[in-house]
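User: I'd like to learn how to read a predicted fold, one feature at a time. Can we go through this one together?

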Amino acid sequence: MRSGVLRKRWLPRGATLTAMLFLLAACAAASPSPSPSAQSSTVDLHGLAFGVAEITISPGDVSFANQDAVPHLIAEGQNGTQVASPRFTKTNVAANQTAIITFGAAGDYQITCLIHPTMNMVVHVQ
Ligand SMILES: [Cu+2]
């Protein structure tokens, strides 16, 4: 008897919540991105340096294209030192290979190479 009353109360609430979540998801998917270039961002690694000092992207992937004949180890940090709590896993980019790093959360990410401390750049995610 008592559980029957509970069920009657909870069913509409659950249905409403589901509908709201669906609407939220639909809105998020329909939101235009800030700029067309934000869809696919590539940073070249060339001459033991990042091709750009900084980039601004929407949350998503950045391709790091290593054009050098040596590997690079990309991490969140500065001057060859990773931060204590990196927001992405340090990623090796073999010679002449490309690695993709996902920047899922908004914020400013200092990026460095753990092998070459002079390699530094910033990824702005907004
Ligand atoms: Cu490097």
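User: In β5, which residue is the bridge partner of Q78?

Analyst: Strands are DSSP E runs of at least two residues, helices are H or I runs of at least four, and both are numbered from the N terminus. Two strands pair if DSSP finds at least two bridges between them. Here the partner of Q78 is T81 in β5, and β4 and β5 pair in the antiparallel sense over 2 bridges.

User: Before I go on, what kind of model is this, and how are residues numbered?

Analyst: This is a predicted model: local features need pLDDT of at least 70 and side-chain atom pairs count only at pLDDT 80 or more, while totals for chains, interfaces and linings use all residues. Residues are numbered from 1 along each chain as its sequence is written.

User: What sits in the turn between β4 and β5?

Analyst: The two strands form a hairpin with 2 residues between them, and N79 in the turn has a positive phi of about 50°, although N79 is not a glycine. For exposure, count the other C-beta atoms (placed from the backbone) within 10 Å of a residue's own: 20 or more is buried, 12 or fewer is exposed, and in between is partly exposed. N79 has 11 such neighbours, so it counts as exposed.

User: Which other non-glycine residue has a positive phi, of about 55°?

Analyst: That's L48. You'll find L48 in the loop between β1 (41-45) and β2 (54-57). It has 13 other C-beta atoms within 10 Å, so it is partly exposed.

User: Back to β4: how many of its residues are buried?

Analyst: 5 of its 7 residues are buried, so β4 is largely enclosed by the rest of the structure.

User: Where is the open sheet of 3 strands, and what is its order?

Analyst: Its order is β1-β3-β7, with mixed pairing. β1 and β7 (98-103) are the edge strands, each pairing on one side only. Between β3 (residues 60-66) and β7 there are 6 bridges, and these strands run antiparallel. Within that pair, D61 stands opposite T102.

User: Which residues touch the most other members of the largest nonpolar core?

Analyst: The general idea: in soluble globular proteins, nonpolar side chains tend to be buried together. A nonpolar core is a set of buried Ala, Val, Leu, Ile, Met, Phe, Trp, Tyr and Cys residues joined through C-beta atoms within 7 Å. In this chain the largest one has 17 residues, and V62, F64, I74, F103 and V123 touch the most other members. β8 (107-113) is among the strands supplying at least two residues, and its 3 residues are the largest share.

User: What is F103 in contact with, leaving aside neighbours within four places in sequence?

Analyst: Contact means C-beta atoms, placed from the backbone, within 7 Å. The partners of F103 include I57, V62, F88, Y109 and V123.

User: Where is pLDDT below 50?

Analyst: pLDDT is the predictor's confidence in each residue, from 0 to 100. The chain's mean is 82, and 68% of its residues reach 70 or more. Over residues 14-38, though, the pLDDT is below 50, and this stretch has 6 contacts beyond near neighbours in sequence. Where pLDDT is low, the predicted coordinates should not be read in detail.

Methods
Two residues are in contact if their C-beta atoms, placed from the backbone, lie within 7 Å.
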